[in-house]
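I opened the notebook to look up a few things in one chain. The entries follow in the order I made them.

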Amino acid sequence: MAFSGVLSSHFSFYKLSSSRYRTRTFVAIQGGDGSNDSKMKIPHVLTVAGSDSGAGAGIQADLKACAARGVYCSTVITAVTAQNTVGVQGVNIVPEDFVAVQLKSVLSDMQVDVVSLITDC
């Protein structure tokens, strides 16, 4: 897996649900500095998934879910699809090295609390 080396030193893995075709895994960051901030921190979710042009799944669905709950959401795109409510008409996979660049970019200067990974089986 491309992300295991990058993530393993920063995250604990928690598998929440799976089905025959899709697995959703949440990855939570360990630690923190232990300070008791008086400011309310807005949780930050990093979602790693494909883009669904029909907006019913993938990145678009995670963005809508986070927005509905007042959570900040950043993204790493793994694929771009052409799809609608009837089906998938096309898929363009993002090269693995560029997925890694996206991930490193976000993690380099943002404090991520939870990572949502969506992988098709």
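In what order do the elements of the chain run from the N terminus on? I read them as α-β-β-β-α-β-β-α-β. The chain has three helices and six strands; helices (H or I, at least four residues) and strands (E, at least two) are DSSP runs, numbered from the N terminus.

I noted the source. This is a predicted model, where local features need pLDDT of at least 70 and side-chain atom pairs count only at pLDDT 80 or more, while totals for chains, interfaces and linings use all residues. Residues are numbered from 1 along each chain as its sequence is written, and side-chain values use heavy atoms, with hydrogens and water left out.

Next I looked up burial. Of the 121 residues, 31% count as buried (under 20% relative accessible area; exposed is over 50%, partly exposed in between, with a 1.4 Å probe and protein chains only).

In soluble globular proteins, nonpolar side chains tend to be buried together.

I checked Leu46 for contacts (heavy atoms within 4.5 Å). Leaving out residues up to four places away in sequence, Leu46 touches residues including Val76, Leu103, Val106 and Val115.

Last, I looked at Ala55, in the loop between E3 and helix H2 (58-68). Ala55 is not a glycine, yet its phi is positive, about 65°. Most residues other than glycine have a negative phi. Ala55 is partly exposed, at 26% relative accessible area.
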